Amino acid sequence: MNICVKYFASIRDEMGIETKNIQVCEDLSVNDLLNQLIKNESIARTALVAVNHKYVDRNFKLKDGDEVAFFPPVTGG
Amino acid sequence: MKIEILNDKFDPWEAIVEYKRNDLQNNPSIGASSVFLGTVRDFNDDEKVESLFLEHYPEMTEKYLSQLVNEAIKKHKIIDGLVIHRVGNLKPTDPIVVVATWSEHRASAFDATRDIMESLKSEAPFWKKENNGKGFKWVKPADSSNIENEES
């Protein structure tokens, strides 16, 4: 299946890319994807994840066409 | 309800008065108005801050702020709420965020404004990058020990 991955803020800087479309196997969880893509353990541990613009937990199962965003803890306000 | 994310400097007081006059039509049921205004400081811990850059997730952030205000309307039974948040380049003294709520009585307005602001700080997808005069670095949340920089 195809998914779109987006990185924000310090994670984008670390990954050196903002967006990429990738093909992944069926039944993939957010945690599986995160481990495949982000090798820096500290960043992977603290990353927040949104799928289709909503927060999800690490066990969330991805489906074809999803937009997955990885970003660091937020610092607005 | 009004949620706005702005790239340019704004006058929070003017925005509040305008919203109350035009959208709330000076609703006579309103007995309390509560406002929180956040502005850029010129220091963070022991370092000066010359400027900062605020990034957001356009497709998610505005929806998330709407959700926070809707939750506050339900929980505290307030009449209405407004959130305006800056993104882009900011300098010390610039307004970053304004949260305003209107209710019949003061307790619900105080509580709703605080709830919205605390949730915004810990959950809404915004990220600050500060310029201390030597370069930019990402700000980390106050309770995080895993990222290199400190929060404003």
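A: Two residues are taken to be in contact if their C-beta atoms, placed from the backbone, lie within 7 Å. The model is a predicted one, and the pair examined here consists of helix α2 (residues 58-76) of chain B and helix α3 (residues 106-123) of chain B, whose axes come within 10 Å and cross at roughly 150 degrees. Since angles over 145 degrees count as roughly antiparallel, α2(B) and α3(B) are therefore roughly antiparallel to each other. The handedness of the crossing of α2(B) and α3(B) is right-handed.

On the side of α2(B), the residues that meet α3(B) are B:Tyr64, B:Leu65, B:Leu68, B:Val69, B:Ala72 and B:His76. Their counterparts in α3(B) are B:Ser108, B:Asp111, B:Ala112, B:Asp115, B:Ile116, B:Ser119, B:Leu120 and B:Glu123. Sorted by class, this contact of α2(B) with α3(B) holds eight nonpolar, three polar and three charged residues.

For the setting of this pair, chain B is also in contact with chain A, where 16 residues of chain A touch 27 residues of chain B. On the side of chain A that touches chain B, the elements giving two or more residues are α1 (9-15), α3 (41-46) and β5 (67-71) of chain A, and the largest share, three residues, comes from α3(A). By class, the residues of that side of chain A divide into eight nonpolar, seven polar and one charged.

Terms used
Residues numbered from 1 in each chain as written. Chains lettered and ligands numbered in written order. Predicted model: local features only at pLDDT ≥ 70, side-chain atom pairs only at ≥ 80, totals over all residues. Axes fitted to C-alpha atoms, helices over the stretch in contact; angles between N-to-C directions. Helix = DSSP H or I, 4+ residues; strand = E, 2+ residues; numbered from the N terminus. Parallel < 35°, antiparallel > 145°, perpendicular 65-115°, else oblique. Left-handed = near helix turned anticlockwise from the far one by under 90°. Nonpolar A, V, L, I, M, F, W, Y, C, P; charged D, E, K, R; others polar.
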